[in-house]
Each structure stands twice: as C-alpha cells, then as structure tokens.
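This report describes how chains meet in a structural model.

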Number of protein chains: 4
Amino acid sequence: MSGNTFGSLFAVTNFGESHGPAIGCVIDGCPPGMALSEADIQGDLDRRRPGTSRHVTQRQEEDKVEILSGVYEGHTTGTPICLLIRNTDQRSKDYSEIAQTFRPGHADYTYIQKYGLRDPRGGGRSSARLTAPMVAAGAVAKKWLRDRYGTTFRGCMTQIGEVAIPFEGWEHVPRNPFFAPVADVSQLEAYMDSLRKAGDSCGARVRVVASKVPVGLGEPLFDKLDADIAYAMMGINAVKGVEIGAGFASVTQRGTTHGDSLSPQGFKSNNAGGVLGGISTGQDLDVAIAIKPTSSIISPRETINIRGEPTEVVTKGRHDPCVGIRATPIAEAMLALVVMEHALRQRAQNGDVQSPLAPIASSFL
Amino acid sequence: MSGNTFGSLFAVTNFGESHGPAIGCVIDGCPPGMALSEADIQGDLDRRRPGTSRHVTQRQEEDKVEILSGVYEGHTTGTPICLLIRNTDQRSKDYSEIAQTFRPGHADYTYIQKYGLRDPRGGGRSSARLTAPMVAAGAVAKKWLRDRYGTTFRGCMTQIGEVAIPFEGWEHVPRNPFFAPVADVSQLEAYMDSLRKAGDSCGARVRVVASKVPVGLGEPLFDKLDADIAYAMMGINAVKGVEIGAGFASVTQRGTTHGDSLSPQGFKSNNAGGVLGGISTGQDLDVAIAIKPTSSIISPRETINIRGEPTEVVTKGRHDPCVGIRATPIAEAMLALVVMEHALRQRAQNGDVQSPLAPIASSFL
Amino acid sequence: MSGNTFGSLFAVTNFGESHGPAIGCVIDGCPPGMALSEADIQGDLDRRRPGTSRHVTQRQEEDKVEILSGVYEGHTTGTPICLLIRNTDQRSKDYSEIAQTFRPGHADYTYIQKYGLRDPRGGGRSSARLTAPMVAAGAVAKKWLRDRYGTTFRGCMTQIGEVAIPFEGWEHVPRNPFFAPVADVSQLEAYMDSLRKAGDSCGARVRVVASKVPVGLGEPLFDKLDADIAYAMMGINAVKGVEIGAGFASVTQRGTTHGDSLSPQGFKSNNAGGVLGGISTGQDLDVAIAIKPTSSIISPRETINIRGEPTEVVTKGRHDPCVGIRATPIAEAMLALVVMEHALRQRAQNGDVQSPLAPIASSFL
Amino acid sequence: MSGNTFGSLFAVTNFGESHGPAIGCVIDGCPPGMALSEADIQGDLDRRRPGTSRHVTQRQEEDKVEILSGVYEGHTTGTPICLLIRNTDQRSKDYSEIAQTFRPGHADYTYIQKYGLRDPRGGGRSSARLTAPMVAAGAVAKKWLRDRYGTTFRGCMTQIGEVAIPFEGWEHVPRNPFFAPVADVSQLEAYMDSLRKAGDSCGARVRVVASKVPVGLGEPLFDKLDADIAYAMMGINAVKGVEIGAGFASVTQRGTTHGDSLSPQGFKSNNAGGVLGGISTGQDLDVAIAIKPTSSIISPRETINIRGEPTEVVTKGRHDPCVGIRATPIAEAMLALVVMEHALRQRAQNGDVQSPLAPIASSFL
C-alpha cells in the first residue's frame, strides 16, 4: 500500500536508499524447485550497473548480489528470496548543498511535502539506483518463464534526444553502451559527448519486447495485461509515456487497418502489441516508453530553497546525462515481473481450462 | 486479483455483462458523512451514455443508477455503496453469428483462450458498457474530492482520426457530442459522417486534467501517482498509449528545458504534468491517452472461426464508430478514482506530517 | 481494506444493510466452466434463513437469491458473479428508539464512534443478516471444491448455553432446528423455551469440519490455513473464540500425546485438526467456535444514550435468542471460502510440484 | 499472497530460514518523522531470544538487529525499513537425520507435500525463529502507538501444562523466565525440570493485553479487529486456540450478564475484550491463546520416512520444551502490528469523523 511492493502472487518488496548501507528486495511467491544461484541474477545487474562507459554516471558500484534466503542446495524452496546488494561507493558530501534546494524536475520538492523530511544523499529513495533490485528480481522471473514457457525478453533504445535510431538487428544491442540495435554508434557517442560538454541532459525512447508469452494472461477489466505493463513502465524513474503496440499511432489508424487479421497460421500483424481486451494473444508483447531528460545537471536552474526563497541550483556529483541509456534492462525486468505475476494468476483461476481452439501460431507471418 | 476491483482504500468492484440483467459496482471505503444521492451520480452517467447523437452507438440505455446500500438518510455511512444499473436495451440476436468467429482487434479470441468459454452477447464482459459503473463510482470520488480539497476534473478530445482539434476553451466541451474544446464542430461531424458511410472506424486522442490536487499524493516506488494513472488509463477499453505532462515530447527535450523551474509563486511550467518522483506537485495533473479505432465494423475482415478455419467477419449491430467520443467522462472518472485512492493513502501514512515548507502556488504563472 | 471483501483469489465483496433494499455479494475469481444456477445456492440459504422455527427470529425473509452476472448458459464464465438478495420484511419502526441508545454488547456504540453516524434499522450493517451473502458465496465455493476435489463441509452445534450436546451422528443434524447431532432435541427445546420466557439469551458452541481437503493448502508464515480459518470464524457475528483440533485442550497435553503419529495408512489421531505448520495435512479440518449470547434482549440493561446520559435499554423487535442456532451453515460457508482461496493459491505458486511422497490416507484410522 | 507479508498499510514482509545466513523483515508504511534506532528494537528482541534460561532452547543467538534502510539521521523517513538479524549459531549437522523423517506434530510433512522439497536445517522456514523479525517490527509499531496514542502492550503466561498460574501482578512478569505474573516461580521451574527429564514437552496458555487503544479501530464485516487479532495469533507457531474477552466462557453466559453495561464513566465490565461488532471500544484488548506442546522431543515417536515407510523419530538438537515460554513478547508484537494497521486504516477512511458522543472512559470502573 505504501508502494514498495510490486505484484501480488510474485511479490517483490524493495528496500534501501541510494547512499544507505544496502539496497535489496524480497521476492515472495517464487515457485519452488527452480535451480537458482547468484550467477543467474548477476548478468542482468551487470548490464544495468553504473560506471561501464563514459556516457553514464561514473559512480563505481559492483552491484554484487547476495541471496539471503529462499534457496536451499541450489534450488528455490517456495519461501521468500531476499536479495541484498551492498552500497560501496557513496560520496555523501556531494549532496550537502542539495539538501537545502529543490532541483527542477526532481522529486526533492515532492518528498519534502509528502513526508516532511527526506534523505538527500544521492536522491535517497528516489534514486534510480533502486531499480537494481528490480533488475535482480526480474532475472528470477525471466528464468522461471524461460524454463517453463520459453518466454524471452529483449529491449533496445530507439531514440536518444533528437537522434532516432533505426532497427538494424537485436544482435547489435549487447555490443554498445546504448543498447542500440545498430552496428555503428559513433553518431550517438558524438551526440552524448556534445551534450556532456553543454552541461545538459536528454531524453530517450526505449522499446521492450517479450516473445513466446502464453496466450490468456491478463485480467479483463482492471488488471489488464497492458494496464499492468503501463503501471510497471510508468513507475520506472523518469518515464513520461507508455505505448503498447501501435500506441499513439493508433489515433490516426482506421479499424480496417488497425485490427490484426487472424489466420490459421497466426495473426497477420501486431498493432495490438500482443494484447487484446487486456489479455495476451500469444504474439510478442511490444512496448515503448518515453524517458525524460535527467534533472540533475550542472547547468544552473532557477528554483527555491527550503525556506521558500528564490535561488539557483547547480547539480554537481555523478549523474547520468541520459537515464534512458541504462533503462533497457530495467524495462525488460519490469515487463518480466508483470508477465510472471499474470502467469501465476492465470493458473490460479484458469488452471483447468481447456480452450476449444488451439492457440494460433504466436508470431505474425 | 481477478481484476474486477479498482483501488484498495477506495475500492470499486465492478460486475456485469453488456447484455446481462444488470451492471454495477460496489464502492468500499467511502468516507462517511458525505451527502449523496442518485442525482449526484446521474449527471456523469448521462454524459457517457449511448444513443445521444448520431455519432455514437444507437443502443438506447437510460443508465439509471440505483443506490442499494451504504447511504442512510442521504449521507454515506462508511459501509459499501452498491450502485446498480439495469440493462434495458439488449438485442442478443445481433450477436449470434459473432459467437463463432473472432473479430480482429477484439477480445473475442483472448477470452476464449483464457476461459474456454465466453458470453458473446454484446461483447459480454469485454464491452465498453462496463465503464458505466466506473463513471458512477468516479462521480462519488469527484464529489468527495471537490468537497474536501476543491479538486476538479475536466477532459476533452484533442484529436479524432486524422483531425487534430485545437484547444479553444473548456466552455465548448459540454456543448457538442465530441467533448471537443472548439466552438465549431462541423469538420468533426463531416469526418464522422464520411467514416460511417465507409463502414469504418477511427481512433482518437483525449486529454484529461485534474486541478487543485493536494501536494504529496502518490507513492515513491511502485504506486507512483503517474504509474497508477497509467494503469487506470491503459485499463480503459481501446486505450493503447498514455502520456503524463510532456509525455513522448520529453524524449527530444533537454534537461534545461524539461525540468519545471520553481519560484515562490509556483512552478513556471508543467512539463511534469503534476507529478515528480511519482508524487503530486500540486500542479494540474495533465494526462493524454490514445484510443484505437473500434474493432466492431461492418467492413469485412479476414479471421478464423472457433474451429480454427479461415473465414470473414462483418460486425452488424450497434457500435460506436469512434469509442474515443465517449471516452472523456470515463477518463475523468478513472483519474478521479486514482486521486481519491491516493488522498486516503496519504492521510493513512502521513496524516501527521508538517512540511517545513508551505506548498507553492499550485498552478504555473 | 475497509473490510468488506473476503479473500483475494476467490474474493467475495459483501454489501447491504439489514433493512436496506437489498443485500448481496460479488464473487471475483471463480473458475470458469462450472455449472451453476440459483438452485445450487438456495439450499444453504434456506438452512440459514430466519423464521424457520420458534427458536429463532420471527422475521420472514425468503432470502431468494438472484444471479446478476458471471453465468452464461448455466456455466460460470470466470467473470464476477453478483448475487442479489432483496430484503422483503423490514419493520423499521421497531428500531426508532434504539437509534438513541447503545445496547450493551452490541456494535451500536462502536459504529457511532468510528463513523460519526449509523444506520440503526435492524442493526444496519452490523446485523447478522449480512452473513446471508456469505452463505451464498460459500455455496459456490463448496460446489467447486466438491466437483474438483471431493471436499465436503459439515457442522453441528455442540453446546447451547449450559447444555452440552453429545455427538450421536451427522445424520441428525438436518432433522432439528438446532443443527444438533442428536436424535432427541427435547432438552434443547425446553432450554430455549425457558430462556425466551426469561427474556434472556445464551451462547453456543459450534463445530465445523471439512473432509477430503487437499494436502498442502495454506501459507507457512502468516496466511496459515488455520490463521485464515481463525480470521474467518472470529469475523462471524458474536464469535469470541476459535479452536483448531485440540484447541485449548492442547495446553495440558504433552508432546508425546499431542503430536499425531504418522503411518503409511494415515495419521493415527487428529489433534492437529488437519493443519501442521499452517498447511493442510489432508486430514479433516476440525474447528470449534464460541458464540456469545445475543445482545438484543427484552430484559432491561443499563446503558447511556447518544448525549452520554445514563439510561436503560430494552430491545423489542424480532431477535434470535441464541444466534448460535443459525451459525452452523454460516461457519461451514466461511470455512469453504477459506479452503477455496487456498486451493487457488496453491496451484498459483505450486501448480507444478511433484511431491517425492504420495499423500498418506487423509483420515485417521 | 504467499503469506510472508503481514498487514497492508503497515506491511511487514518477513524473510529467512532458521539456519540460513540471516533473517529479517521489511516494514513498509511506517509514518515518517519518528525517532528510531536499533536500541528501540533490541529490548523486545532480547526478551524473546533463546538461551536466556535453562527452560528454553540453548541455541545462542545474540539476535542483534541492524537497520538497513528507512531511517535518516535518527528518524523514520516514510520509506521501507529493512531490519536484518544475522544467524550466528547454526549447527546444521544436528538435523541431517530429520531430513528423511517427519516429526509428528511438525510441519515437516506438510512442507514436503506443498513444495516438493524443504530446508530441513533447524526447521527451515517453519522454525519459531522467524518470529524474531516480527518482534522487531512489533517494537516499531509499539513505539509509534505509544508516542501517538499512549497505547501499551503487556502479556503474561497464565498456564503451563497442567499448572495454572494465578495473576498476582504485572510487575512480576519481567522478573522470571516464564513471563509469569507471580512472585514465586519455583513450582513452574520444578514442573519444567521434570518435563525435561521425561524427554517431553508441554503446552501453555498466554494472555496479552493492549491498553489505551483508540476507539473505532477495526472494520465491521471481515477485517474486524478481533478477526485480525485471531488471524495474527493463530499464525504464531504452535497456537491452536484464540479467545477475545470472555472467549469460550461466553458459551455459558446469558445476555444479561455478558453484555458490558455502559455508563458515563465507562463500561462496567469487559466481557467483550475491547471489541464490539469488530470495532475497538477503547477498553483493553484482552486476548488469550493456547499453545500446543513442542513437537521436537527426544522421546521416540512413531512416524514414516520420505519413502513412506514406517519408522521412529527422536529429535535431538536444541529445542524449547515449551514454546509457550517465549511466546509472550511474540504475542504482544503481533497484537501491536494489528492495532497499528487499524490505526492507519482508521484515519484513511475516517480521518474527518467527529463523533456526536465523546468516548467514554476507556477502562472499566
């Protein structure tokens, strides 16, 4: 209820602050008997962690995960899995000044209004660092879904600031620091270098896709699969927009073109983005998100201080000039958590269902 | 868990099918002592109901609401408020053929895969008719929020198919069947007439705004105010995209322009759309949604039948050629339900909070 | 959260007041494809309803249930099932005086303190009449559990006031108005007649048993099966104590006698009452509850009025002199709802589990 | 949903196993601005911890708590509070044999049936050791309730095995290892010594009381305050029965004696145990629980092994001969968590309520 648990049947409770002793999460509801070790989780954490290129924050965090519970002799037991990540590179002095002023576009102001006090060290609880435990939890969900249904999750950046990134192929994504699906990222690097020199930040657009999703996931009225995806994505730090399938392009589509035709071999297109009536079709879940530019920048901004007086703020310290760069593994993890939740819900209510019709092939022709 | 309850502290449980005997909802958690009668609810229901212009479905439903519980001598008692709306104009014969085929872009296919059976009469549970009880529940939330905080909710259509609708003023919205903020809707009427003649449907874009929202609403990690708004909006039938504030435009913004400056007189812009770090700033909540074109159209579409054989489907019956036309009061209601939920959550945890800083003026200069 | 929904996966939302137009519930999460009609529900409602003997309230209510949604062509569809029961015999005038005073032992005082106002007609929301929708929902759960696992539910009265009732056999239970497992109830009738003449009321003890419960239901830490049973039972109007298995007798037992020995043929006793470590053993769930004497009695009682002044209260109207008499079908229903919830939870998380050991025979030798 | 989170608004998620690296919990929803340090928590942990007398398990655990998050400069911030307790004295070799057999009266059998595997070291997740994090969380709730409302929690043992313990005074409770409210515990010591010699275990009865509880807490239908108390208490390891107020004694009471009379000076008795209609009256919450004898005993017991073959089991290792001895601080903590949850719920829905009647004095004359 206070917003730190994600999901119900596969429930992930997140804790920690950017510069506290540790961050982590507790996963409750993981099915028992799955092989699981830290190595299954560390890979995705490494994809997200800071300090891996000059285009992201230079904070050095190993983000090494420790499993504190819920695993016995290498297998999940069905009891809560606590994942702990120690913070190692906090420099609280960087933030002393920030405690007195409110960065435009940042949660500083709203935290103080909501709680009456806030932990200003590195953004405290509002830091994007708190996505690390979700990436860890997402890795557990991904593993179970892959083992059980063959479901896989992929993501890539499709735009950074004014630079649209064409889709050349998934194989390029792991080979550059932008998660860009292109062979040559020199244009992106130049763009980021100029932005850094200007002391500014930029937004981004990221796409995330789940394949081999079982048909029938999602609840028809409120916990629609796409509604829960929107909730998960909009909950990622800095996200300002979410699209499923055709998204905003569907505004100008006609019914005769938007609705994906069905054939015995599968759907003939995927404007739906894998969801109809809130329930998965078995096609790829196809999601896009808009990420706003970072609010922590060294260019001076007009603001007020804690006494309500006008002032200027300049954010020093180590910050991502484009938080969208590290958003891909986060968005994948959140999508995996949504699918996991609904996979368990589906068998709770509908475990005995025999559809009169075999699912049609899950990808379009 | 099966997706028919919205909210936790102000929990609305929805029931019914398009062509069953009745639809309705149970509101649990309404604060006691508020004056409430059917008249407080009927107004919004009338704004949403079908058959009010030639541009929407011709089904005739009075959508007359009956309060079955939770109100005594004209005041809420704090116990569940059951709102019942009898269905009066069902023509089940229109749908006999549809039971055997799957409309492209419709929930027909996913329902049968999820449950193994479905109620095909008027779309059964997947019908947009089930938004009526939410409009009714939203009216209760709106009343409490207006009485308690002065919060108000408004919405309008900003695009219909290819036709962008400029914002001329809120005063125009109730004067035309499109909820369009323009004085002259003849272009929209012509567009819809041509679409109907073509036997096709179109999408729409709708904006919804809440004003005088208390500062501090929303949870910082998962139940962010904007995440819950995204969940609520994406859960409305046919919605494929959601934006808060600058939305997808923030992708190309710089940090120096996106972050809304603070001054003693208030924020100087509202790219945030009223939410920072998941928590309300006190500025207007500003939300946009993309609505896909209706899938029930009379133009023939390629599909399969329940035996998996290829066939064609033509949807007769009475359908909205643009479901976006009636979406405005629905989106307002869903936004009100989200704000209501978070208003109650806020005082649960933070009822004693004294912020060191008075909220700055809630609207931008 | 406001306490009118029972369960999560099989969630029953209850609404209505004793003398409002109707009472009822919405069941969300019922598995689809189960044959269901009003007749499947009416039987248990008839067992609970008032006016069936001189030993219970003389209010005449047919308690006729109407299915408003969730069933199509005689089968559940997986969508919410709304069950409506119209109130027909309200005599609000009986309660006019009561609105000003607080019955000792009744919720009158606490409602006014909690909500600031209350519906005094027939006890409003605090009336035991609100158990009727739970009996109806329980009938749906019972049917599914019987169809799916062969689970059955039985209950009986084991004590009424000072009169202990020996267990002679289940076959007697439906043959007398007390749900007493004895052939001859003349002693019970005499006891109740004398109590009525004295203008007083008495308590009761009721036992309820579930047989052929699947092994493995219940969560190990908090949502233990027995914890949820205790919650369900203590939530029934007037219940003041709950026991599982040996209950309070276990205080004086030794470990060598309490722990039920296991053998290949089954457990050799059932002190556990069918639950170990919060999880069902497959033995009978065996539950006992203590029900306090009715607080609405015609003997004058010392109290205060709404102005805080001392006064006397005499409760006229039609009341049960022993609410325990009609408690048996209610307790059965609540037990069924708990088992149903956990049956669905179990397959959500543990649907793939293969135990290395076949369950031992489910009843003791 | 998988039963490891207690509460909704003050939600405590528990993790860990008896012999894993650590146990702990995450508290979500704690109001901000409360002074809190480890010292506020350690006291209650010390009251519960093992090894403090010869009458409890000789396992040596310091149970030293570490606050990992949610506290900044000595005050709660409103974000999740993670409490970690490292396990230091695990002797896993003691349990190697136990992995193959099922102790009568223990969760061994049900865990293997539910999950298909189990962590046998020290009972794994089913160990009463997992109550330590609840005692820690309860200490946080107690502090807030005491600061905010003056609410206090006390408990004592009222029976151990066959030995009833008279109530001489609360002041004796902290002065003996039994939490017994008597000056002289030599009889209890002798009883326990003889039991230990016999290689057996015994049950106990514990009473727990909350004073200065605000009036109006609890929901009227399902989340009744007493129902949630019953749930909390029955969820404590080894509890088999729960009573509120008069409890099972109410079965033989008459309405004229059970119902507590009201006067301007307060209630004249407390058969209700502080709850009417599921809502707190403002009187003391008065709760009794029955605790079964420990199942881990050195006397040989008849059972089966994991291959389903008959065998005998003798439990060596370090176990409490009466788990009831350490149950008092646990029951207090669970009661505090229930009251805390409902205190927050109450102000969520009813924060604006002005009762027409001032609460009458909260304790009986």
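How many residues of chain B are in contact with chain A? Contact here means heavy atoms within 4.5 Å, and 119 residues of chain B touch 119 residues of chain A. The model is predicted: local features need pLDDT of at least 70, side-chain atom pairs count only at pLDDT 80 or more, and totals for chains, interfaces and linings use all residues. Residues are numbered from 1 along each chain as its sequence is written, chains are lettered from A and ligands numbered from 1 in the order in which they are written, and side-chain values use heavy atoms, with hydrogens and water left out.

**Interface of chains A and B**

Buried area is the accessible area (1.4 Å probe) that two parts lose on being put together, summed over both. For chain B and chain A the buried area is about 9500 Å², with 61% of this given by carbon and sulfur atoms. On the chain B side, B:Lys114, B:Phe222 and B:Lys240 lose the most area to chain A, together 9% of what that side buries.

A salt bridge is a side-chain nitrogen of Lys or Arg within 4 Å of a carboxyl oxygen of Asp or Glu. Five salt bridges are found across the interface by this rule. One of them joins A:Arg254 to B:Glu162, with 3.8 Å between the closest N and O atoms.

Helices (H or I, at least four residues) and strands (E, at least two) are DSSP runs, numbered from the N terminus. Helix H2 (residues 108–115) of chain B gives the most to the side that touches chain A, with seven residues. The classes on that side of chain B are tabulated below.

| Class | Members | Residues of chain B touching chain A |
|---|---|---|
| Nonpolar | Ala, Val, Leu, Ile, Met, Phe, Trp, Tyr, Cys, Pro | 54 residues |
| Polar | the others, Gly among them | 44 residues |

Two strands pair if DSSP finds at least two bridges between them. Strand S11 (residues 239–244) of chain A pairs with strand S11 (residues 239–244) of chain B in the antiparallel sense over three bridges. There, A:Val242 has B:Val242 as its bridge partner.

The same surface serves both copies, as 100% of the contact residues of chain B recur in chain A.

**A sheet in chain C**

Chain C has an open sheet of five strands in the order S1-S2-S3-S7-S4, with antiparallel pairing. Strand S1 (5–6) and strand S4 (65–67) of chain C are at the edges with a single partner strand each, so one side of each is left without a neighbour in the sheet. S1(C) runs antiparallel to strand S2 (residues 11–16) of chain C, joined by two bridges, and C:Phe6 stands opposite C:Val12 in S2(C).
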